Every structure is written in structure tokens, then in C-alpha cells.
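Please find below a short note for a reader who is meeting this structure for the first time. It is set out as numbered points.

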Amino acid sequence: MRDQLKAHIAAVIEGLRHLDMDSAADLIAEIGDDLVGDRDDDRITGAILDGLRWGYHAAVVVEMGGGAMLRVTLPGGRGITHEWAREADAAPQIKAALAQVTATRAVAKGAGE
């Protein structure tokens, strides 16, 4: 089972590498529609598919383009994404965003949540 899953994941990655970002996003959305079917809400499937979609996008924007990208996924499936053409422009903003996340978690932890 594990080896078969590993092979399937490798095949997905290889297949996505040959698509442009829009085609990859469309295919992933189509898969999501097929998997969700009649279920009202499947956050786990959505989160995994978002990971594929945004991971591919980040690979193109960051690795190939020399930019930077920040993707935050919040409870309930909400996400925030921002990208920069240059890593140097992104660094101070990413550090500030991560500091805010840390501060928010500390407040929530102190409140017993």
C-alpha cells in the first residue's frame, strides 16, 4: 500500500511538472470536484489539493522566478497567499507576518484555547 501510494504521488508530481500553472490549477480543481462529490464539506481533501496547487505555484514563482511566496492556511480552509517578484522585498514582510502569527498563538494559548 505504501509503495503504491508513493508511486502515485511521484506520478502526480511528474505530471504537474509538464503543465503550466493555470492548467495544473484547473486539473487539481477538477480532481477536487470529483473527490468531494455529494459531500458538503471535505476540508482535508481541500487542504491537500490546495497544498498541491500552491506548492506548484510556489515552485514556479519562487524557485524558477527568483521570487518569494507566503501561503497561510487558516482553520476552516481559509487561505491567504501573497507573492513577491524579489525575495529581498519579501523577507521583511514575511518576518512580520510570522511574528504576528506567533503573537496571536501566544494570546490564544494564554486564553486557554
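Predicted model: local features only at pLDDT ≥ 70, side-chain atom pairs only at ≥ 80, totals over all residues.

1. Helix 2 has 16 residues. From its first C-alpha to its last it reaches 22 Å, close to the 22 Å expected at 1.5 Å a residue.

2. Which residues of helix 2 are buried? They are Ala24, Ile28 and Gly32. These three cover an arc of only 75 degrees around the axis, which puts them on the same side of helix 2. Their packing partners are helix 1 (2-16) and helix 3.

3. The face of helix 2 turned away from the buried side carries exposed residues, namely Asp22, Asp26, Asp33 and Asp34.

4. The axes of helix 2 (residues 21-36) and helix 3 (residues 43-64) come within 10 Å and cross at roughly 175 degrees. An angle over 145 degrees counts as roughly antiparallel, and the two helices are therefore roughly antiparallel to each other. Helix 2 contributes Met21, Ala24, Ala25, Ile28, Ala29, Ile31, Gly32 and Leu35 to the contact, while helix 3 contributes Thr45, Leu49, Leu52, Arg53, Tyr56, His57 and Val60. By class, eleven of the residues in this contact are nonpolar, three polar and one charged.

5. Isoleucine 80 belongs to strand 2 (residues 79-84). Its relative accessibility is 49%, so isoleucine 80 counts as partly exposed. Leaving aside residues up to four places away in sequence, isoleucine 80 touches Leu70, Arg71, Val72 and Leu74. Leucine 70 is ten residues from isoleucine 80 along the chain, and their C-alpha atoms are separated by 8.0 Å.

Methods
Residues numbered from 1 in each chain as written. Heavy atoms only, no water. Axes fitted to C-alpha atoms, helices over the stretch in contact; angles between N-to-C directions. Helix = DSSP H or I, 4+ residues; strand = E, 2+ residues; numbered from the N terminus. Parallel < 35°, antiparallel > 145°, perpendicular 65-115°, else oblique. Contact = heavy atoms within 4.5 Å. Nonpolar A, V, L, I, M, F, W, Y, C, P; charged D, E, K, R; others polar. Expected span 1.5 Å × (residues − 1). Buried < 20%, exposed > 50% of the residue type's maximum accessible area, 1.4 Å probe, protein only. Arc of directions from axis to C-beta.
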